[in-house]
Amino acid sequence: MKNEIHPEYRKVVFLDTSSDFKFLSGSTLDSDETIEWEDGNTYPLIRVEISSASHPFYTGKQKADKVGGRVDRFKKKYNLN
């Protein structure tokens, strides 16, 4: 690998602003904000709008599509259920 062309990989804290859920992960993102984590260390803080704590797929609140696609409409039209 060439020196000085890759971004610095470090630990950062991601904060889901819609649910106030925080998690520590590795990333190359940088931020001016910092936060003290549970281990007593200070890490950069990255704010995100959605995470596994607030996404409908992971929370079980995802709505199922009731309309159906082309095949379902064809079967309904010709009573092929």
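**Ground rules.** I'm working with a predicted model, where local features need pLDDT of at least 70, side-chain atom pairs count only at pLDDT 80 or more, and totals for chains, interfaces and linings use all residues. Residues are numbered from 1 along each chain as its sequence is written, and side-chain values use heavy atoms, with hydrogens and water left out.

**The sheet.** I looked up the strands (DSSP runs of E, at least two residues, numbered from the N terminus). I found 4 strands in an open sheet, ordered 2-1-4-3, with mixed pairing; a pair needs at least two DSSP bridges. Strand 2 (21-27) and strand 3 (34-36) are at the edges with a single partner strand each, so one side of each has no neighbour in the sheet. Strand 1 (residues 10-16) runs antiparallel to strand 2, joined by 7 bridges. I also noted that valine 12 has serine 25 as its bridge partner in strand 2.

**Salt bridges.** I counted 3 of them, each a side-chain nitrogen of Lys or Arg within 4 Å of a carboxyl oxygen of Asp or Glu. Arginine 10 meets glutamate 8 at 3.4 Å, N to O, and aspartate 30 at 3.2 Å, N to O. That makes Glu8, Arg10 and Asp30 a linked network.

**Burial check.** I used buried for under 20% relative accessible area, exposed for over 50%, and partly exposed in between (1.4 Å probe, protein chains only). Arginine 10 is buried at 18%, while glutamate 8 is exposed at 55% and aspartate 30 is exposed at 60%.

**Last pair.** Glutamate 33 and arginine 47 form a salt bridge at 3.0 Å, N to O.
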